[in-house]
Structure formats: structure tokens, C-alpha cells
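Reader: I'd like to go through this one term by term. Can you tell me what stands behind each label?

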Amino acid sequence: MSIFTDMMAGKISAVTVVEDEQHIAFMEPNPNARGHIICLPKAEVQDLFAMPKADYDALMAFTRRVATALQSA
């Protein structure tokens with residue numbers, strides 16, 4: 001388990017920005033910059049490059065949608 005797993009489970013406070021069936025985006029509780037958002041797969045993986053390519057591509061598409069919305073806000 002990781003700190004991100006605890007955030008998704010509500011054990012550590014985090015503000016969810018958006019989520020879908022496979023992914024979640026939330027505000028960083030101790031941001032380095034205004035609007036710092038973390039996008040993660042809901043399924044825990046060892047690291048991004050251990051993900052199947054289709055899952056990795058889906059996460060990148062989700063992240064792009066979040067970033068585009070943040071840029072527009």
C-alpha cells in the first residue's frame with residue numbers, strides 16, 4: 001500500500017477533483033504549486049511502466065482531460 005491508496009480510501013484527507021471507473025484525480029494536500037492535482041489509476045500498480053500499455057494510455061488520456069480542464073479554469 002502507498003500514501004495514495006490511503007488517500008483514495010479516505011484515510012488521509014484529500015479533495016477529489018474528478019474520477020471515473022478506472023482513475024481518480026485529487027488535490028495534493030501539501031501542494032508545491034497552486035492547482036497541483038495528482039491523477040492515479042484506481043488499481044494499485046508497482047509503477048506506471050508496469051501497467052499494461054492500454055491502461056497506461058487510458059491514464060494519460062484521463063490526465064490530459066484533467067489538465068485541460070484545469071488550464072481552462
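Author: Val-18 has Ala-25 in strand 2 as its bridge partner. Keep in mind that this is a predicted model, where local features need pLDDT of at least 70, side-chain atom pairs count only at pLDDT 80 or more, and totals for chains, interfaces and linings use all residues. Residues are numbered from 1 along each chain as its sequence is written, and side-chain values use heavy atoms, with hydrogens and water left out.

Reader: What makes strand 1 and strand 2 a pair?

Author: Pairing takes at least two bridges found by DSSP between two strands. Here 3 bridges join residues 16-19 to residues 23-27, running antiparallel, so the two strands pair. They form a hairpin, with 3 residues between them.

Reader: How many helices and strands are there?

Author: There are 2 helices and 3 strands, counted as DSSP runs numbered from the N terminus (helices: H or I, at least four residues; strands: E, at least two). From the N terminus on, the order is α-β-β-β-α.

Reader: Why is the protein called as compact as a globular protein of that length?

Author: The globule rule is 2.2 Å times the number of residues to the power 0.38, and the radius of gyration is taken over C-alpha atoms. For 73 residues the rule gives 11 Å, and the protein's radius of gyration is 12 Å, close to that, so the label holds.

Reader: What share of the residues is buried?

Author: Buried residues (under 20% relative accessible area, 1.4 Å probe, protein chains only) make up 22% of the 73.

Methods
Buried < 20%, exposed > 50% of the residue type's maximum accessible area, 1.4 Å probe, protein only.
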